[in-house]
Amino acid sequence: ATAQGLSSASGFTMSLNGSNQTGVSVNVATGLVRKTLVLQQGANVIVLTATNACGTVTETINVNYIPCIDPAIALITPMNGTQTQNGSVQFKASVFNISGPNDLQLIVNGNPVAGGSYSNATHIFQANVALQEGVNTIQLIATTDCGTATQAVTVTQESPCELPTITMVSPSESNSTTDNPNLTVQANIQGVSSASNIQLTLNGRAQGQGTYLMRVRSYSNSI
């Protein structure tokens with residue numbers, strides 16, 4: 001501030017919220033007044049008083065101090081490391097100290113993703129995130145003039161588990177007749193990786209392992 005017409009530094013006083021301030025720098029020649037004040041959160045009242053032989057002048061300054069607070073993110077769902085067979089996952093987080101959805105950015109596997117909603121009333125951001133097979137990284141970034149906050153989770157999308165299927169080749173029917181005591185059983189079997197996943201029984205007794213050709217999904221066993 002500047003205070004003109006002072007004859008000495010003692011002619012100037014300053015108060016903050018009713019408390020007189022000491023250590024005020026007053027340059028009588030230039031009228032420049034300096035003082036670093038520590039404001040309280042909310043309303044502050046600064047009163048400047050200058051006095052000389054001609055009288056006293058008072059200036060009141062009102063300052064509303066709103067501290068700048070960094071944004072904060074608290075993840076709700078999914079848990080980090082979640083595994084799912086679904087093609088998408090519901091992402092939800094609490095986000096504080098932002099003005100609205102424009103302060104948020106959702107990134108999935110390194111790519112910005114549009115969509116999602118944010119409620120200023122509940123501070124909840126939520127979005128339905130499409131997953132690719134394997135590990136997916138979902139990151140939420142909140143950016144304001146006060147700072148940046150980020151939280152990330154990984155979700156693994158696994159291929160759905162399918163039941164094996166058996167298509168008989170020989171014998172081709174469930175009720176068959178033969179005059180040969182030796183029989184070769186053949187079948188096309190999907191959803192297994194080796195012969196160890198297949199069991200053949202004859203009249204309730206387990207038979208040998210047989211052979212399974214993974215490339216053509218073909219199983220055979222001579223009994």
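Is Ser170 buried, partly exposed or exposed, and at what relative accessibility? I opened this notebook with that residue, working from a predicted model.

**Entry 1: Ser170**

I looked up the relative accessibility of Ser170 and found 25%. Buried would require a value under 20% and exposed a value over 50%, so Ser170 counts as partly exposed. I then located Ser170 in strand E16, which covers residues 165-170.

Next I listed its contacts, leaving aside neighbours within four places in sequence. Ser170 touches Thr184, Val185 and Gln186. I also checked Ala187, which is 17 residues away along the chain. The C-alpha atoms of Ser170 and Ala187 are separated by 6.7 Å.

**Entry 2: cis peptide bonds**

I noted for reference that most peptide bonds are trans. The bond from Ser170 to Pro171 is cis, with omega near -10°. I placed Pro171 in the loop that runs between E16 and strand E17 (184-190).

I recorded another cis bond, from Thr77 to Pro78, where omega is near 0°. Pro78 belongs to the loop between E7 and strand E8 (82-84).

**Entry 3: the sheet containing E7**

I followed E7 into its sheet. Which strands form this open sheet, and in what order? I read the order as E7-E9-E13-E12, with 4 strands and antiparallel pairing. The edges are strand E7 (72-77) and strand E12 (117-118), each of which pairs on one side only.

I examined the pairing of E7 with strand E9 (residues 88-96) in detail. These two strands are joined in the antiparallel sense over 5 bridges. Within the pairing, I found Leu75 opposite Ala93 in E9. As background, I noted that strands of a sheet pair through backbone hydrogen bonds.

**Entry 4: positive phi values**

I turned to backbone torsions, bearing in mind that most residues other than glycine have a negative phi. Asn97 is not a glycine, yet its phi is positive at about 65°. I found Asn97 in the loop between E9 and strand E10 (104-108). Its relative accessible area is 38%, so Asn97 is partly exposed.

Arg217 also has a positive phi, about 60°, and is not a glycine. I placed Arg217 in the loop between strand E20 (211-213) and strand E21 (218-222). With a relative accessible area of 26%, Arg217 counts as partly exposed.

**Entry 5: the whole chain**

How many helices and strands does the protein chain have? I counted 0 helices and 21 strands.

I compared the radius of gyration with the value for a compact globule. The chain has 39 Å, whereas a compact globule of 223 residues would have a radius near 17 Å. The C-alpha trace spans about 135 × 30 × 25 Å along its principal axes.

For burial, I recorded that 26% of the 223 residues count as buried. The protein chain exposes about 14,400 Å², and carbon and sulfur atoms supply 49% of that area.

I also checked how far apart in sequence the contacting residues lie. Among contacts with a separation of 6 or more, 49% join residues 24 or more positions apart.

Finally, I looked up the charges.

Key. Residues are numbered from 1 along each chain as its sequence is written. This is a predicted model: local features need pLDDT of at least 70, side-chain atom pairs count only at pLDDT 80 or more; totals for chains, interfaces and linings use all residues. Side-chain values use heavy atoms; hydrogens and water are left out. Buried means under 20% relative accessible area, exposed over 50%, partly exposed in between (1.4 Å probe, protein chains only). Contact means heavy atoms within 4.5 Å. Two strands pair if DSSP finds at least two bridges between them. The radius of gyration is taken over C-alpha atoms; the globule rule is 2.2 Å times the number of residues to the power 0.38. Accessible areas come from the Shrake-Rupley method with a 1.4 Å probe; for residues, only the protein chains shown count as cover.
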